[in-house]
Amino acid sequence: MNIDLTGAMGLDIMISRMGDIIDAKLAERFGPAGTPPKAKRRIKPATTHDNSRVLVVPDLHVPYNHPDAFSFLVAVRDWLKPTRVICTGDEVDNHAMSFHTSDPDLDSAGPELEKSRAGMAELERHFKQLDLVTSNHGSLSRRKAYEHGIPERLITHYRHTLFGETEDDGTVEYPEDRGAGWWWHDELVIDLPDGRHAVMRHTWGANLKLMAQRNGCCLIQGHHHGLLDVQHAQLARQRIWSLTAGCLVDPECPAMAYGRGNAVQPMIGCAAIIDSEPCAIPMPLDRRGRWTGRLPVVPTA
Ligand SMILES: [Fe+2]
């Protein structure tokens, strides 16, 4: 039975307030997410994108990603044949660098970063062109540096951190030109083929539909791991949608232990925007939580 709770009078506002409380709790847990990461600008050249089939890669939290995350994404890619690939952020976890207590049985920051770099190199092999948004985990090293008074000049760019090799003379090499097609944005605006716009941030808040209504445009977000969700709303002049893209984390990993007692557990999957309309693509799981190897039946235009 489907019940549209959000249609009830006043409930949107109540959910929004609950969302604000949840966001405040997340800020408590993850640190000052509002702290400007002061991203060093590497300006993407003006490009006209074909946004007719967009694959949305959700929070991966490498190296604590779901063990089948990459093979699932490759299968979705081969089915969807995306014209563009975007990522909601939290591409890496940076657990050891967290503002909160780190699990002492997990890697320290150095070895963890090497595992993250290996995971990103694999992802980059599958997705040579990727637009990502900055995020509380993905930007953690920048947030930490900012918090402790490290000037911008001493902070490496995301591409350098994930793919670069610094030589003895100080030059930075990128093996196989890794990351040349990856671009990080604080906010990504996507021109949909039907003339509407969708705006992606790592998080807009727990009640994304209400945020979309307030902003008057389609919205995309990650961050809320328990939500793999599409909602629609009719405005006076157009219909809009909101998309929360789920996640591809490993729920069993100790780095994810903070959410284990929650009623809402990570929703494993990804999403797509096909001919301007969003769709959720949950990963079919077996009893052990592993991918069955099949793709769900996804409505296409
Ligand atoms: Fe996340």
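In which sense do S10 and strand S11 (residues 239-245) pair, and over how many bridges? In this predicted model, the two strands run antiparallel to each other, with seven bridges between them. Leu228 lies opposite Ala245 of S11.

Both strands belong to an open sheet of five strands, ordered S7-S8-S9-S11-S10, in which the pairing is mixed. Its edges are formed by S7 (188-191) and S10 (228-234), each of which pairs on one side only. From one strand to the next, the twist averages 15°.

A helix pair forms a further element of the architecture. Helix H2 (residues 69-80) and helix H3 (residues 109-126) have axes that come within 11 Å and cross at roughly 10°. Because angles under 35 degrees count as roughly parallel, H2 is roughly parallel to H3. The residues making this contact are listed below by helix.

| Helix | Residues in the contact |
|---|---|
| H2 | Phe70, Leu73, Val74, Arg77 |
| H3 | Glu122, Leu123, His126 |

The largest nonpolar core has 57 residues, and the members touching the most others are Leu55, Val56, Val57, Leu219, Cys270, Ala271 and Ala272. H2 supplies the largest share of this core, with five residues.

Cys270 links several parts of the chain. Apart from neighbours within four places in sequence, Cys270 is in contact with Leu55, Val56, Val57 and Pro58, with Leu73 and Val76, with Ala245, Gly246 and Leu248, and with Ile281.

Methods:
Residues are numbered from 1 along each chain as its sequence is written. This is a predicted model: local features need pLDDT of at least 70, side-chain atom pairs count only at pLDDT 80 or more; totals for chains, interfaces and linings use all residues. Two strands pair if DSSP finds at least two bridges between them. Helices (H or I, at least four residues) and strands (E, at least two) are DSSP runs, numbered from the N terminus. Axes are lines fitted to C-alpha atoms, for helices over the stretch in contact, and angles run from 0 to 180 degrees between N-to-C directions. Angles under 35 degrees count as roughly parallel, over 145 as roughly antiparallel, 65 to 115 as roughly perpendicular and the rest as oblique. Two residues are in contact if their C-beta atoms, placed from the backbone, lie within 7 Å. A nonpolar core is a set of buried Ala, Val, Leu, Ile, Met, Phe, Trp, Tyr and Cys residues joined through C-beta atoms within 7 Å. A residue is buried if 20 or more other C-beta atoms lie within 10 Å of its own, exposed if 12 or fewer, and partly exposed in between; C-beta atoms are placed from the backbone.
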